[in-house]
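Hi everyone, thanks for making time.

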Amino acid sequence: MQIDARREIEPIWVIISPHYPFRDVPIGGNSGYIQAGHEVFLNDFGAMTQNNLFVIGLDSADKDLIERWAASGDLPVFRSLLDSAVQGDIDNPYGLEAGGCWPAFYFGRSPAETSQFDGARHFDRDRYDHVSFRPDATRHDAIWTTLSRAGKRCAVIDAPYSFPTGDIDGLKVVDRGAHVPAGGGDYMEFRTHPPALAAEIENLFGPDPAGGHSSDFFPVDTAEQAAMFRDTYLARIDNKTDMTLHYWRDQPFQFFLTVFTEAHCAGHRCWHIHDTASPDHDPAIAAEIGDPLKDIYIALDRAVGRMIEAVRDDARVVVYLSHGIGPGYSGTRLLDRILARLDSFGTETQSSPAMELVRGIWRGMPDAVRRPLKPLRDRVSRDGFQPNRKNRRFFEVFANDRTGGVRINLAGRESHGIVQPGEEYEAVCTQLIADLRDMKNAETGEPLAAEILRARDHYAGDCLDYLPDILVTWNRSHPINAATSPKIGTIDKTGLLLTRSGDHRPTGRFFGLADDWPPQRLNAPVDVKDFAPTFAALLGESAPTGGKIISALCPEPATDTDAAPKPKSALAG
């Protein structure tokens, strides 16, 4: 697609607070650096061409926090984007946003088509347990695979839950700086395409500042620990920005995707420091170290500015905020205790002085000791779920902390299925939904669930059987510590090990910068599945997906028919 005319770029003014806590901010244009406390003229982000596409992914960077901190002057780059970019909200896979948004983004397909609804985890119907999803090849082509087959050079860095490395012509980096491992588990498996690239990255940029750990590995119980967590992930932002820009300049790429996961990590682990209304908020820690979450967003703002400045003359830019973050009020895992009691089974709390002692010892173990003991620990803890799944009619499976998943032990699908397909299955689902709707938050009396739906009523695809049968979205108006109903009485979270104070909001946001993308705010959200076919179209290709092209980013060419008024149909009312 050719540019017919270059749009006139409006000037933008940005004011940086003298209290800005980081070094001078590179922002672009003729201004070079923004000096703290100065008012600086910005000529937007400069002129761009359509030849390439550069996508900056900010995993779980919350759109509302960004708007708030942009308005306060703490995020000058996003303040400019809010004024100068085409932008819109993003609808993610309903009830399966947390683990389903990224695969839907790069495959352009729903979780019922890809099987990826919980990131890199699957429920194994033979073992009745969760297993890591580590495919050498995926069921559908990711956008970079489609483009690679069309002769486009691509680079992908840390696309969440994308495990293969050989699905690209160009370079791919897996588990260099992820939120959780791309193939599941607790430890990153740093791999690249081509394989020799891994050694080159470590030689040029050193090891991952987080040591290859999931963010759940790090304690944040004290001010010292929380400050160390923050500083680790601030260093990782700078490290990945340097690496991204090095490889962008190193060779030509038509498609470049780099993903920063630090907002995701800090959102889960530091929400209670940020949010004064959190039940776990400690004012003394906040007074000592400030707001680690805000510090992470400020660093991401600076990184986005650096990257836009570096690529603006050669590429269109899309900044993609996958989904959001907020209070982590959840009934996930408590749900399995509810289900066991509804099915007339007893419940285990795994709570005792001995168990708490073991947990304390585990958290204090050196990493070298933890790793070989991890399989034993998992067998004992069962991630907080109840035992005897094979003998139960229904049980909880992982979905996410915003929405709990219920799986029916269905004959012919599960290896030890109990519930027969047809009338019995329908009756069990109907009764179970009614019983769950009767559940109340024991502390407030409000309904425990905001919504309960059957996955098949919202999804269709060859992989539908991988999804939970029933999705229970929690009422997050208050913390969920215990649930009650006339049928089962009261049951609480005693013994559950909870390490995350923040959890996901469902909606994302995107920003686009290009010569022929005039600033506008879309009136309706776009479907996350629409990005893959849109990216392909922008680069002159097509992608067989379940999405459609986003017209604000890639408008259909006008035709004579479009230009003329259409006659009104005689059948129109």
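When I say helix, I mean a DSSP run of H or I with at least four residues, and a strand is a run of E with at least two, numbered from the N terminus. Keep in mind that this is a predicted model, where local features need pLDDT of at least 70, side-chain atom pairs count only at pLDDT 80 or more, and totals for chains, interfaces and linings use all residues. Residues are numbered from 1 along each chain as its sequence is written, and side-chain values use heavy atoms, with hydrogens and water left out.

Okay, helix 6. That helix covers residues 197-205, and L197, A198, I201 and F205 are buried in it, buried being under 20% relative accessible area and exposed over 50%, with partly exposed in between (1.4 Å probe, protein chains only). Looking down the axis of helix 6, those buried residues fall within an arc of 105°, so they line one face of the helix; the arc is taken from the directions from the helix axis to the C-beta atoms. What do they pack against? Strand 10 (170-174), strand 11 (191-193) and helix 7 (223-250), with contact meaning heavy atoms within 4.5 Å. On the face turned away from the buried side of helix 6 you find A199 and N203, both exposed.

Three strands make an open sheet in the order 17-20-21, with antiparallel pairing; two strands pair if DSSP finds at least two bridges between them. Strand 17 (440-441) and strand 21 (489-492) are at the edges with a single partner strand each, so one side of each has no neighbour in the sheet. Strand 17 pairs with strand 20 (residues 482-485) over 2 bridges: N441 has A483 as its bridge partner, and K440 stands opposite T484. T484 also stands opposite T490 in strand 21. Strands 20 and 21 pair over 4 bridges and form a hairpin with 3 residues between them.

Last stop, the second largest pocket. A pocket here is an open set of points on a 1 Å grid over the protein atoms alone, where a 1.4 Å probe fits, with protein on both sides within 12 Å along at least five of seven lines; lining residues have an atom within 4 Å of a point. Which residues lie nearest its centre? D91, N92, P93, Y94 and H458, out of 17 lining residues. Strand 6 (86-91) and helix 3 (97-107) each supply at least two residues of that lining.
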